[in-house]
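Thanks for coming. I'll walk through one structure today, part by part, so please keep the display in view.

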Amino acid sequence: MHPPELRENTYLSDGAYPVNLFRNVCPPGAIGRSALYLHWHDHFEWIYTVSGRAIFHIDSQPHETAPGDLLLVPSGGLHVGYALTEEPVEYWSLVFNRSLLQGLPVDPLHDRYLSAYAEGSQRFPVKFAADEAQYEPIRRGILEIGEEFAGKKRAYELVVKAKLYQLFALAARLCMPERDGEQADRTGRRMDRFKSLILHIEAHYANKLTIEDAARLVSLNPYHFCKVFKNATGRTFVEFVNQHRMNVADRLLREGELTVTEIAERVGLDNPNYFTKLFKQIKGMTPSEAKKRGGG
């Protein structure tokens, strides 16, 4: 874990829509001047160099950039930047929380291609260079997102969200190893086994359900259940339950009729402090912030 004093509380306008685009300009000056201060955050970040040349250190690895180059900073990555020219350096920072990439509660294709990257167990390369033709669709997508933020036409938020998801899908297509075509079929068959369990979780999320109880519902021993469930959903059983609970909590917070403590109890968590910690971990903001932005 990086030093907490270097953690940035990046301004993302809405917890339900945790993404923002920052257009940064480093004024003219000496070579080696700071273009980006040292920090880290829980979010992903695309850095797109518009003009000038810079070097960004991401988790201690240097990456020089020229106009058109893209860098992808992983969630939790420590990063800093310096100018490599006396001229101005302009770059965009597209910052977004991984919750924006979450698929449907049961989405084998999302789990197959994207969940490992979103959850951080697998990483994309950091640099997507402008002179590498295969990355052109990703670079074009970033430019289109910039246009959406600049114009802010009706429903631009949905367009940006869709394009971000597309960027990750394109990156996965380019970067992940080829897999056996039968894997998707095996994943689908495994999910059929868990459909009744997932329906049970969605209907009884406030009730305590142990791993042993869940395993019994699908006629598996607990050890085998944990392994198969993670393979089928991309999440552990506990992560899956907590994700659904926080989705429900987020909706209740935005409706504004209940207190944070009441909502914590409503979703099956008696400890408000633990509820707050879990909600922020999953949603990228505190319950109080979600409640305020919902108008409650």
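I'll begin with helix 4, which lies across strand 1, strand 3, strand 6, strand 8 and strand 9. Strand 3 covers residues 44-51 and strand 8 covers 89-96. Relative to strand 3, helix 4 runs at about 90°. Please keep in mind that this is a predicted model.

Now the sheet under discussion. In what order do the strands of the open sheet come? The order is 1-8-3-6-9, five strands with antiparallel pairing. As background, strands of a sheet pair through backbone hydrogen bonds, either parallel or antiparallel. The edges are strand 1, residues 19-26, and strand 9, residues 127-128, and each of these pairs on one side only. Strand 9 runs antiparallel to strand 6, residues 70-73, and two bridges join them. Within strand 9, Lys-127 is the residue that stands opposite Leu-71.

Back to helix 4, this time with its neighbour. Helix 3 spans residues 136-151 and helix 4 spans residues 156-175; their axes come within 10 Å and cross at roughly 170°. Why is helix 3 called roughly antiparallel to helix 4? Because the crossing angle is roughly 170°, and angles over 145 degrees count as roughly antiparallel, helix 3 is described that way relative to helix 4. On the helix 3 side, the contact is made by Pro-137, Ile-138, Gly-141, Ile-142, Glu-144, Ile-145, Glu-148 and Phe-149. Helix 4 contributes Tyr-156, Val-159, Val-160, Lys-163, Leu-164, Leu-167, Leu-170, Ala-171 and Leu-174. Sorted by class, this contact of helix 3 with helix 4 has 13 nonpolar residues, one polar and three charged.

One more residue in helix 3 is Ala-150. Is Ala-150 buried or exposed? Ala-150 counts as exposed, at 59% relative accessibility.

Next, strand 7. This strand, residues 79-83, is mostly covered, with four of its five residues buried. Which strands pair with strand 7? One is strand 2, residues 34-39, which runs antiparallel to strand 7 and is joined to it by three bridges. In that pairing, Tyr-82 of strand 7 stands opposite Ser-34. Another is strand 4, residues 54-58, which pairs with strand 7 in the antiparallel sense over five bridges. There, Val-80 in strand 7 is the bridge partner of His-57.

Let me turn to another pair of helices. Helix 8, residues 237-255, and helix 10, residues 272-283, pack at an angle of about 95°, and their axes are 10 Å apart. That angle makes helix 8 roughly perpendicular to helix 10. From helix 8, the contact involves Asn-242, Gln-243, Met-246, Asn-247, Ala-249, Asp-250 and Leu-253. From helix 10, it involves Tyr-274, Phe-275, Leu-278, Phe-279, Ile-282 and Lys-283. The contact of helix 8 with helix 10 divides into eight nonpolar, three polar and two charged residues.

Lys-283 of helix 10 is worth a look. Lys-283 is buried, with a relative accessible area of 10%. Lys-283 and Gln-243 are 40 residues apart in sequence, and C-alpha to C-alpha they are 9.1 Å apart in space.

Where is Ser-99? Ser-99 is in the loop between strand 8 and helix 1, the latter being residues 108-113. Leaving aside residues up to four places away in sequence, Ser-99 touches Pro-18, Ile-282 and Lys-283. Ser-99 is buried, at a relative accessible area of 14%.

A word on cysteines. How many disulfides does a search of the whole structure find? The search finds zero. Cys-26 counts as buried, at 5% relative accessibility, whereas Cys-226 is partly exposed, at 32%.

Last, the whole protein. There are eleven helices and nine strands. The protein has 296 residues, and buried residues make up 44% of them. Among contacts between residues at least 6 apart in sequence, 72% join residues at least 24 apart. That's the tour.

How values were computed:
Residues are numbered from 1 along each chain as its sequence is written. This is a predicted model: local features need pLDDT of at least 70, side-chain atom pairs count only at pLDDT 80 or more; totals for chains, interfaces and linings use all residues. Side-chain values use heavy atoms; hydrogens and water are left out. Axes are lines fitted to C-alpha atoms, for helices over the stretch in contact, and angles run from 0 to 180 degrees between N-to-C directions. Angles under 35 degrees count as roughly parallel, over 145 as roughly antiparallel, 65 to 115 as roughly perpendicular and the rest as oblique. Contact means heavy atoms within 4.5 Å. Ala, Val, Leu, Ile, Met, Phe, Trp, Tyr, Cys and Pro count as nonpolar, Asp, Glu, Lys and Arg as charged, and the others, Gly among them, as polar. A disulfide is a pair of cysteine sulfur atoms within 2.5 Å. Buried means under 20% relative accessible area, exposed over 50%, partly exposed in between (1.4 Å probe, protein chains only). Two strands pair if DSSP finds at least two bridges between them.
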